[in-house]
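Subject: Structure for your review

Dear colleague,

Please find below the structure that I am handing over to you. The notes after it set out what was found.

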Amino acid sequence: MKKPIRRTCVIGAGVMGSGIAAHFANAGLEVLLLDIVPPNLSDAEREDRAARNRFAQGGLEKALKARPAAFFHKSAAGLVTLGNTEDDLGGVATCDLVIEAVLERLDVKQALFEKLEKLVPAHCVVASNTSGLRIVDMLQGRGDTFKKNFLVMHFFNPVRYMKLLELVVGPDTDPATYQGIKRFGEDVLGKGIVLGKDTPNFVGNRIGAHGMMATIHQMLADGLAPEDVDAITGLPMAHPKSASFRTADLVGLDTFAHVAENCHRFLVDDEDRAVFEVPAYIRAMVEKKLLGDKTKGGFFKRGPNKESLVLDPTTGDYRAKAGDPEIQKATKAISKLEDPKDRVRALAKDTGKAGQFAWKVTSRSLAYAARRMGEIADSVAAVDDAMRWGYNWDLGPFEVWDALGFAETTDRMLKDGVKLPASIEAMRAAGAPGFYKGGEVWDLAKGAYVARDVDSRVATFEILRRGAAPVLKNDGADAWDLGDGVLGLTFKTKANSLDPDVISMIGRAVERAEQDFEGMIVSNSGEHFCVGANLFLVVMAAGQQQWDDIRKMVKGYQDATQRMKYARVPVVVCPYGMTLGGGLELCLGAGHVQAAAETYSGLVEVAVGLIPGGAGTLNMLWRSLEGIPEGASVNTLEYVTQTFKNIALAKVATSAEEAKHLGYFRRTDGISFDRARLVGDAKARVLGLARSGYHAPIPRRYTLPGDSGIATLSMMVDTLVAGGHASPHDAKIARKLAEVLCGGRGGGAREVTEEEILELEREAFVSLTGEPKSAERMQYMLMNNKPLRN
């Protein structure tokens, strides 16, 4: 499979099919999205193309409206062409990849593949998104070429956000087909690939469904309530906050029940088959359409007064959400531990109800995963990857086993009579310290450690850094030698917030990079890149009316971002997750960005009663106006107005691609679809810049609207206030922002320097910190971690 994939076809425009099509478009691929012609069309509609494509059109419209968003930006939908399987199936003749996500019925898929075999070109890969049907059965009657180019591509929903892509090959699949699709999945779609075996529900759903069903049955046996179980099986067990029952509501009880029933129907030789039997009360919920979030009620729902209600499995009725005090207290304390390994250890040591329940479920789940090795996958690492990437677990089952201590956990399970495979007992007898050791993983079939299959492009600071100590350090940040002439700056503050130590280290790191390195990258670890400045310091200084201290603090960050901007070596910032306020100003200042696709960025300071104070206004203008050719007669007010709206309305881009459209990132900035490659991609980017004649930008002067622009924007603000869409204090903030962006009073009569804009920004920021309403908003944010609307 040497020909690159450019044109694709997705057949089936349901939730999965439309999600796959959207993500293919996110990756810049042409997509032909087909579905069946709706039945029972009128005679007139049968001649109407729009009516015949109604199902495909509906799938695309739902993808465009999906929340969370399926597309990185709505413009990507322009790559999707709609059609139906009666009129447009011939379009696959120009495709490089066709994937079906049609009804999960063997006869339907067999009939489709029979048609496709006659139409697809010889090089085209045909894939199925099935999660339960066997390849051998689906391909009955197909020829050798079709079988060689066929495999299963099992995406997880929502496709854009879930990293897992399970690939399953048939007995006749050409190894080149698998390798080509593996590269495509990793490099083009940003997915993590797990090679599963052709068994029902493959890897992720097999282990996930077993764990969920074991939890449900154990809850009934122990007499616990759903809210108690979720308190245990969420963060304390290194699982998402949504835990068990909340996750079922998010996924949909019909989907969840289907997965479990699929296992129960087909896994006739599974020694733990009974666990997959769906309890009667869940069947009743499905019949009553209590399917979770999509029907506004599942295990949990909101009452008429917005109160939290939970379904009582013993009565089938909703009651007020409560919870066992002992369980809630124990799990709340454990959930505060940052390291997931510490959380699972603490839960295992708990001797109360929470610990006892968790051990019963965990030991059963770990043993089941061990017994499935060789049947669903060959490597324990593949199972762990599947659960982290497909279920958002912090630790896979074998990683949990290691965190609890392999030897002691194995001994405890054996003592409790938990059935373990002989391979585990042999591993215990061999004295293996755990499943993972350095860069090796224990192979249960071979009974020895083997090299772990790791993508060399996956890099972290821990992998790349050279030496036993950082080049520079203080309490807020470290700067490490990352090899090949690259210095790496990383924050150590809580939530990667900006404080005086971090700001000081930015300047020091740039200076050191200019002296001893070819370039510098800025990257952090943790859930989010940076959500801005430490507001506590600003609130404290404002409360004591230390305006000069605030002014000095603001100027310090302005100087730091400008120092990166005009560094003699390239600086690349690597945002991901929440990149808000000062976090985005860091990106704007650096001038070069390698962003994770899932980066959510915006200048949101107005939410706490302020405006950007780290050169954010200046560098937004820089990006907005830099493309205007010299000599062009352009009304810069239009550009300034859009920048004003983005900041005044605190617009947050919901992807790195959308950030480009909003002007937060440049069109030429890099995007890493797989966050695990972000640091490696940034290092390659900074070296590419450094070794291709890099020169720092030349400071510029700005032609801005001045007084007329301030007046125009103020009228816009007045209209919003008059319509009840903004408060008087919002208006005060907006007017100060307008003055900065328009170059101040008299700014339209001359070119405005960067330093003048920075001074305007600085003084506006300091003046707003003295406003009682701004102080109230900042304090509310500190106490509640959400903005106050006033």
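Helices (H or I, at least four residues) and strands (E, at least two residues) are DSSP runs, numbered from the N terminus. With that naming, Pro158 lies in the loop between β6 (150–155) and β7 (164–169).

The model is predicted: local features need pLDDT of at least 70, side-chain atom pairs count only at pLDDT 80 or more, and totals for chains, interfaces and linings use all residues. Residues are numbered from 1 along each chain as its sequence is written, and side-chain values use heavy atoms, with hydrogens and water left out.

**Backbone exceptions**

Most residues other than glycine have a negative phi, and most peptide bonds are trans. The bond that joins Asn157 and Pro158 is cis, with omega about 0°. A cis peptide bond also leads from Arg67 to Pro68, with omega near 5°; Pro68 is placed in the loop between α3 (54–65) and β3 (80–84).

Two residues other than glycine deserve mention for a positive phi. Ala243, in the loop between α9 and α10, has phi near 55°. Lys306, in the loop between β9 and β10, has phi near 70°. As to exposure, buried means under 20% relative accessible area, exposed means over 50%, and partly exposed lies in between (1.4 Å probe, protein chains only). Ala243 is buried, with a relative accessible area of 10%, whereas Lys306 is exposed at 64%.

**Strand β6 and its partners**

Two strands are taken to pair if DSSP finds at least two bridges between them. Strand β5 (residues 125–128) runs parallel to β6 and is joined to it by three bridges; Ala127 stands opposite Leu151 in β6. The pairing of β6 with β7 is antiparallel and extends over five bridges, with Phe155 opposite Leu165 in β7.

In a regular strand the side chains alternate between the two faces of the sheet. From β6, Phe150, Val152 and His154 point one way, and Leu151, Met153 and Phe155 the other way. Six of the six residues of β6 are buried.

**The β9-β10-β11 sheet**

Three strands form an open, antiparallel sheet in the order β9-β10-β11. Its edge strands, β9 (300–302) and β11 (318–320), each pair on one side only. The twist averages 40° from one strand to the next; axes here are lines fitted to C-alpha atoms, for helices over the stretch in contact, and angles run from 0 to 180 degrees between N-to-C directions. Strand β10 (residues 308–311) is joined to β11 by three bridges, and Val310 has Arg319 as its bridge partner in β11.

**The second largest pocket**

On a 1 Å grid over the protein atoms alone, a pocket is an open set of points with protein on both sides within 12 Å along at least five of seven lines, whereas a cavity is a set of points where a 1.4 Å probe fits but cannot get out; lining residues have an atom within 4 Å of a point. Grid points are joined across faces, edges and corners, and a volume is the space filled by probe spheres set on the points.

The second largest pocket holds about 520 Å³ of space. Its lining has 20 residues, and Arg246, Phe300, Arg302, Ser308 and Lys321 lie nearest the centre. At least two lining residues come from each of α9 (226–233), α10 (245–251), β9, β10 and α13 (325–335). By class, the lining has four nonpolar, six polar and 10 charged residues (nonpolar: Ala, Val, Leu, Ile, Met, Phe, Trp, Tyr, Cys and Pro; charged: Asp, Glu, Lys and Arg; polar: the others, Gly among them).

**Aromatic pairs**

Rings of Phe, Tyr and Trp (its six-membered ring) pair if their centres lie within 6.5 Å; planes under 30 degrees apart count as stacked, over 60 as edge-to-face and the rest as tilted. The whole structure contains 18 aromatic pairs. One of them, Phe113 with Phe146, is tilted, at 6.0 Å centre to centre and 55° between the planes. Phe113 lies in helix α4 (residues 106–117) and Phe146 in helix α6 (residues 144–148), so this pair ties together parts that are 33 residues apart in sequence. Both Phe113 and Phe146 are buried.

The pair of Phe398 and Trp401 is stacked, because the ring centres are 6.3 Å apart and the planes are at 10°. Ring pairs link Phe398, Trp401, Phe406 and Phe435 into a cluster.

With kind regards
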